[in-house]
Amino acid sequence: MINQLRRDVRAKHYKPLLLLITLDFLDEQKSFAPIIPAKKIVDEFEIIMRKIGYKKEHNKGWMPFWHLSGDNIWNLYSINHQIVKKTAFKLLKPKTKKQLLSKVNYALINLDKINYFSSTNKRAATRKQIFNLLKKDQDLIGNKILEYYNV
């Protein structure tokens, strides 16, 4: 799964960090549920990026939250539990955090990817793959994320 992510060279860290935050969120739950709250995850992305020294640039967690649906990691749903499609947005994708959160309330992990998230051991293996990907990138921001996670 990790090696199949489409990543923009300008923001290679976006999807890996968002997935790490998702894994952290799932680890905090008492029992597994494949429901990922949009605002909580996007806000945590921004908090971590500020902690590692990025206030505005490279700090748009709403983008990978949206784009992971295009990677078939999850589907996005509204507050009314309706699937959110590209056509919900004028330009076929949100252009701001506010736009995303006005339509998207949560993500539901796709069944064919659930195996990467469903247990503590599987999440640990997925986390290790993400860390290895960030190490391989040898990117400044990726390295700061690894430091944040004590890797």
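Which strands does helix α3 lie across? Keep that in mind as you tour this predicted model.

**Stop 1: the two helices.** Select residues 14-28, helix α1, and residues 38-51, helix α2. Their axes are 10 Å apart, and the helices pack at an angle of about 115°. The crossing of α1 and α2 is right-handed.

**Stop 2: the contact between them.** Show side chains. On α1, pick Tyr14, Leu17, Leu18, Ile21, Thr22 and Phe25. They meet Lys40, Ile41, Glu44, Phe45, Ile48 and Met49 of α2. Colour this contact of α1 with α2 by class: nine residues are nonpolar, one is polar and two are charged.

**Stop 3: the sheet.** Now switch to the strands. Three of them make an open sheet, ordered β1-β3-β2, with antiparallel pairing. Select 35-37 for β1 and 74-77 for β2; these are the edge strands, each pairing on one side only. Neighbouring strands of the sheet are turned against each other by 30° on average, direction ignored.

**Stop 4: one pairing.** Click isoleucine 35, then find its bridge partner in β3, leucine 108. In general, strands of a sheet pair through backbone hydrogen bonds.

**Stop 5: helices on the sheet.** Bring α2 back into view. α2 packs on the sheet and touches β1 and β3. The direction of α2 makes about 55° with that of β1. Last, select residues 62-70, helix α3. Here is the reply to the opening question: α3 lies across β1, β2 and β3. Helix α3 runs at about 120° to β2.

Terms used:
Residues numbered from 1 in each chain as written. Predicted model: local features only at pLDDT ≥ 70, side-chain atom pairs only at ≥ 80, totals over all residues. Heavy atoms only, no water. Axes fitted to C-alpha atoms, helices over the stretch in contact; angles between N-to-C directions. Helix = DSSP H or I, 4+ residues; strand = E, 2+ residues; numbered from the N terminus. Left-handed = near helix turned anticlockwise from the far one by under 90°. Contact = heavy atoms within 4.5 Å. Nonpolar A, V, L, I, M, F, W, Y, C, P; charged D, E, K, R; others polar. Pairing = 2+ DSSP bridges.
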